[in-house]
Amino acid sequence: MSVLTRDEAQTRAEFLDVHRYTIDLDLTRGDDTFDSRTLIRFAARVDGDTFVELKPAELRSVTLDGHPLDPEALDGNRLPLKDLTAGEHELRVDATMRYSRTGEGMHRFTDPTDGETYVYTQLFLDDVQRVFAAFDQPDLKAVFDLSVKAPQDWTVLTNGITEQADGVWKAAPTPLISTYLVAVAAGPWHSVRTEHRGLPFGLHCRRSLAPYLDADADELLDITRACFDRYHEKFDEPYPFDSYDQAFVPEFNAGAMENPGLVTFRDEFVYRSAVTDTERQTRAMVIAHEMAHMWFGDLVTLKWWDDIWLNESFAEYMGYQTLTEATRFTDTWTDFGVTRKSWGYDADQRPSTHPVAPEAVDDTASALLNFDGISYAKGASALRQLVTWLGEKDFLAGINTHFARHRFANATLADFIDNLAAATDRDVHAWADAWLRTTGVDTLTPRIVPGEHGTCALTVDRAGSRPHRVAAGLYDRDLGDDGGQLVLRERLHLDLPQTDAHPIGKRPALLLLNDGDLSYAKVRFDPESFETVRKELSGLPEPLTRAVVWNALRDAVRDGELAPGAYLEAARAHLPLETDLAIVQGVLAFASTYITDRYLTPEERPAALATLSDLCRDLIRRTEDGDNPGLRLIAVRHRIDVAAHPDTIAAWLADGTVPGGPELDPELRWRILARLAVLGATDEAAIAAELERDPSATGQEGAARCRAALPDPEAKARAWEAMFGSDTLSNYLFTATAQGFWQPEQADLVREYVGRYYADAVAVADRRGPAIAEAAGRWAFPAHAVDANTLRLGEACLRDADPTPALRRKLVDQLDDLARALRVREA
């Protein structure tokens, strides 16, 4: 299959004007394929040749202006259209298309709970070709007129309002949108419908999830309405589509997709089990993020994929900011600092890093690799810094100019910057060059210079080239009766690079750069401040301040400047006093995933697990009065994950509850069973019994994870064959199997598979495409095998085996993380 290059897209955009697609889909043809008939009305500006894209199971017929074309002319995914004359044309394509089991194109899923079947589209970035014929690039916008034939008991959702007659659902024609934004979701949905501001709003999920959606429907709709209203306060342009549906769909590869009028979410956001308030906040942020895309991405769309950050960074920034302003989730930037910025920092320090706004995205395969922590978290951080520097009033003025100039059309980075520049006297173009065209993370280090009469001055050393507007927090010890607290004396607002030392009076107990987390940079401590952090971190008054400190400690460990054990000591000392759930979750996740499983040697690991187990036990004791169920849930989850001995958690499973609560819901039962499998304290019979108890889709994934985790050679062989020897696993079952397979406790048992991994991953990525390639590179990689041999084998694979672009990118990142782990161990 050929990928589309930027040069080809530019040539085709100059040649064609696409008016309208009339698409008829028939979803009643069986379990494997569906029928797709497409009529494309377009104009050629001059005489010449072009092509249309599709990936059919069978191409039955093609006619151009009433004249048949040879279906055998299809070359891969391209059908040549030769000798076009200037003027209007009609292309008709009749094809059979395959359903997907990997979350790409038209995904088909049968719910194991009740046997009901659902299908939905995910057409990003170039997967529209799996559903209907198209001139598939974002700057050839058109009107889409869609009809869908479906089984009688199904409901069909699309980008707009639909009407149904005799099993055929007819959607209202869309405004001008890009091909990748067309959406269909069909099946016996359970729906909750309402209206807001005269528009129909809807929530939809599988029937088996109906009770869980109903339980949260008020919360979901309240958040949707609040964000919708807030965006109408921020944006001059009203919501540009005729309805707003949110469908929670199975086996979705992303968090959500911003299809205009029909946002699709992974249906793990319909919670079957207990979750923390931070997890509810994350779901709310995704709702706000996707709604922001209705303007930035759907109304105004990038011209080519090098500007994908314009979509994602804007929605990421606006999602967090709007949630803070419009809902009960008023502390969202702490969660952003803990969970999202670390994603950006990590991505920006790997060989695969790229500018926020790269200039060399030559084709669609390359573009797909840029949906990473840079396009999301770093780009959103850059926009937050821009708003800090520019002021929100001028920022929104520029945004509204952008919408007005490019509504229902396409725009570039240059357009965006020009529109911002029109709203301010500041040099936005220079800011963009410094922030959006460069790579890497700046590091800010304070130097406190003693002065006269016990006073000090502050200078900041900057490793990097970007300008920063940051706050420096000066904290003194509370000398009152209570003690144990750090009190903010002052926040100094600094523009870096600095020309003169800034007087700060007496030396503070702690000087914290980037207090408030308004810029994107790693920060370090002066020696006295580090000692304060080590002893008194939990005494800092604000969660966002503590998040900046924890990120600094995390970065120092990754850079080999702080021993992993010192991070664990800080966690052991201060996490029992922490009140912010995002911080507790983030610190425990880094400690268990990276420190115990990668940065410490196998000999050091048992003591680290014991430390984390003691820490979780303290948190569980602290929450015995029931006043913080979210914190208790986090502690219970991690206590299960770090259990070195089965007795305690096996007793929990047998009793169906943790003493003092919570009772074990399906998520906790599968989590315990997975850990017992790792420890060799359960068997296939117990897994089968649990699956009979919970035969849901998540139960199927839990069973796959447990079976792959069993410390048995035959179990490992079966799991490996399922992942790499056959192509029957869906994207979610592949991931679950991979998550169970590699376990640090089982290093000797799975040693032979480390050598087999690279060739088998290359082969499955070739056969099954980008979604499975990403899963194979992310989840099936032997990350526990931190040794020179794993690194050598991986480097040889990159050099000699020619992995697909999606797999190559994941391997580059994994191998860099592995090399970093080796350096941390040596340090």
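Helix H12 (residues 543-558) is largely enclosed by the rest of the predicted structure, because 15 of its 16 residues are buried. Buried means under 20% relative accessible area, exposed over 50%, and partly exposed in between, with a 1.4 Å probe and protein chains only. Helices (H or I, at least four residues) and strands (E, at least two) are DSSP runs, numbered from the N terminus. From its first C-alpha to its last, H12 reaches 22 Å, close to the 22 Å expected at 1.5 Å a residue. The expected span is 1.5 Å times one less than the number of residues. Gly560 follows H12 and has a positive phi, near 75 degrees.

The model is predicted: local features need pLDDT of at least 70, side-chain atom pairs count only at pLDDT 80 or more, and totals for chains, interfaces and linings use all residues. Residues are numbered from 1 along each chain as its sequence is written, and side-chain values use heavy atoms, with hydrogens and water left out.

Helix H8 (residues 392-406) has 15 residues. Its end-to-end C-alpha reach is 21 Å, close to the expected 21 Å. Buried positions in H8 are Phe395, Leu396, Gly398, Ile399, Asn400, His402, Phe403 and His406. Their cover includes helices H2 (210-234), H4 (308-326), H7 (374-390) and H9 (413-421). Strands S20 (300-302) and S21 (409-411) are also part of that cover. Contact here means heavy atoms within 4.5 Å. After H8 comes Phe408, with a positive phi near 55 degrees.

Helix H2 also holds Asp216 and His232. Asp216 counts as buried, at 8% relative accessibility. Not counting residues up to four places away in sequence, Asp216 touches Tyr271, Arg280 and Arg283. Asp216 and Tyr271 are 55 residues apart in sequence, yet their C-alpha atoms are 8.5 Å apart in space. A polar atom of the His232 side chain lies 3.0 Å from the backbone nitrogen of Tyr239.

Ser243 lies in the loop between H2 and strand S17 (244-249). Ser243 is buried, with a relative accessible area of 2%. Its side chain makes a polar contact with the side chain of Asp242, at 3.0 Å. A polar contact is a pair of N or O atoms within 3.5 Å; within protein, one must be able to donate a hydrogen and the other to accept it, and residues adjacent in sequence count only if both atoms are side-chain atoms. Beyond four places in sequence, Ser243 touches Asn159, Gly160, Ile161, Leu199, Pro200 and Gly261.

Helix H20 (residues 697-709) has 13 residues, which should span 18 Å; the end C-alpha atoms are 19 Å apart, which agrees. Its buried residues include Ala697, Gly699, Glu701, Cys706 and Ala709. The buried residues of H20 pack against strand S8 (105-110) and helices H18 (666-678), H19 (684-693), H21 and H22 (731-741).

The axes of H21 (residues 713-725) and H23 (residues 751-768) come within 10 Å and cross at roughly 25 degrees. H21 is therefore roughly parallel to H23. Axes are lines fitted to C-alpha atoms, for helices over the stretch in contact, and angles run from 0 to 180 degrees between N-to-C directions. Angles under 35 degrees count as roughly parallel, over 145 as roughly antiparallel, 65 to 115 as roughly perpendicular and the rest as oblique. H21 contributes Pro713, Lys716, Ala717, Trp720, Met723 and Phe724 to the contact. H23 contributes Tyr753, Arg756, Tyr757, Asp760, Ala761, Val764 and Arg767.
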